[in-house]
Amino acid sequence: MSQETKPDYLINPEGLRLDGRRPDEMRPVEMKVGVLKQADGSASIRQGKTYIIAAVYGPRELHPRHLTLNDRAYLRVAYRMTTFSVPDRKRPAPSRREREISMVIANALSPAIFLEEFPKAVIDVYVTVIQADGGTRCAATNAASLALADAGIPMRSLVPSIAVGKAEGKLLVDLGDQEDKYGGGDIPLAILPENEEIVLLQQDGSFTREEIVEAIKMGINSCKYLHELQKDALKMAYSKKAPADDEDYEDDLEHVPGEDFPEEDE
Ligand code: CDP
């Protein structure tokens, strides 16, 4: 069992958080597209210490057939945590929490996808949490929407997502695990960036009306920033040149440390 203890405070006298962030500052985010060979589409996200991989298969034939939807594709999301993703070993059997988060992610992604283009088919989204350090449902939504785009699924837009929480009376963007555990609650949300339609909104803990309005504003701002990072990750994956055509790559080869390349003649 882990020996984690409750920190004395979540916000220090200078107004900074446990990891030195300002209240409205997100953790460092790194998203990559096309990280798996076998999947039709895939993406990974590192958000602070949270690390998640999403894989998409389909559209493909749906089994079991009784789940078939005649007018659209069935978006089947499986959010799972690895046994080693949390300080206490996670039991391998899917928990109620994992089933709930799978449903929440599917509901957030559905409005972004032209599901009606694939009646009777299934689009499978597998989200695996390699390391959980708070905000996994939101990070999973970010990665899953990138993996869907990578699979070539027709979409209205990507779906950026972030949680805004509260600790010691202050609203905080993108809670880390300890802020989540010992803070006063959180509001995960996701949007379709083009019209700011909210496609995921949950609340854990108690917030005043004013706090909820402010938290949603902060969340939408962070989602817009995440949306830019998502687009960058897609561009990065699809603009990659073959190494042979890549001048930078060839330059890098010429500067391998310790290798003696003959000087070019003047
Ligand atoms: O991850 P997210 O904030 O979307 O969901 P949560 O149910 O509010 O869980 C918050 C955090 O608790 C997770 O991100 C994990 O870091 C942690 N957790 C854990 O330590 N053990 C679990 N079995 C489940 C969650």
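Q: Which residues line the second largest pocket?
A: In this predicted model, the second largest pocket holds about 240 Å³ of space. By class, its lining divides into two nonpolar, three polar and seven charged residues. The residues that line the second largest pocket are L18, D19, R21, R27, P28, G48, K49, D133, G176, D177, Q178 and E179.

Q: Which pocket corresponds to the space taken by the ligand?
A: The residues that surround the ligand include R97, G134, G135, T136 and D180, and R97, G134, G135, T136 and D180 are also the lining residues that lie nearest the centre of the largest pocket. The space taken by the ligand is accordingly identified as the largest pocket.

Q: What volume does the largest pocket have?
A: The largest pocket is lined by 19 residues, and the elements that contribute two or more residues to this lining are α1 (96-109), α2, α3 and β8 (185-192). By class, the lining comprises eight nonpolar, three polar and eight charged residues. The volume of the largest pocket is about 300 Å³.

Q: Which element gives the largest share of the shell around the ligand?
A: The shell consists of V86, P87, R97, A132, D133, G134, G135, T136, R137, D177, D180 and K181, and the space taken by the ligand is the largest pocket. The largest share, three residues, comes from α3.

Q: How many residues of the shell around the ligand are charged?
A: Among the residues around the ligand are R97, D133, R137, D177, D180 and K181, and arginine, aspartate and lysine are classed as charged. The rest of the shell divides into three nonpolar and three polar residues. The number of charged residues in the shell is six.

Q: What percentage of the area that the ligand exposes when taken alone does the protein bury?
A: The ligand has an oxygen atom 2.6 Å from an N or O atom in the side chain of R97. On the backbone side, a polar atom of G134 is 2.9 Å from a ligand oxygen, while a backbone N or O atom of G135 lies 3.1 Å from an oxygen atom of the ligand. Taken alone the ligand exposes 510 Å², and the share of this that the protein buries is 78%.

Q: Where is P64, whose peptide bond from H63 is cis, found?
A: Most peptide bonds are trans. The bond from G58 to P59 is cis, with omega near 5°, and P59 lies in strand β3 (residues 50-61). The bond from H63 to P64 is also cis, with omega near -5°, and P64 is found in the loop between β3 and β4 (74-81).

Q: What value is phi of K120 near?
A: Most residues other than glycine have a negative phi. K120, which lies in the loop between α1 and β5 (121-131), is a residue other than glycine with a positive phi. Phi of K120 is near 75°.

Methods
Residues numbered from 1 in each chain as written. Predicted model: local features only at pLDDT ≥ 70, side-chain atom pairs only at ≥ 80, totals over all residues. Heavy atoms only, no water. Near = heavy atom within 4 Å. Polar contact = N/O pair within 3.5 Å; in protein donor to acceptor, adjacent residues only side chain to side chain. Areas by Shrake-Rupley, 256 points an atom, 1.4 Å probe, with all protein chains shown as cover. 1 Å grid on protein atoms, 1.4 Å probe; cavity = no way out; pocket = protein on both sides within 12 Å on 5 of 7 lines; lining within 4 Å. Sits in = over half its atoms within 2 Å of the grid points. Helix = DSSP H or I, 4+ residues; strand = E, 2+ residues; numbered from the N terminus. Points joined across faces, edges and corners; volume = space filled by probe spheres on them.
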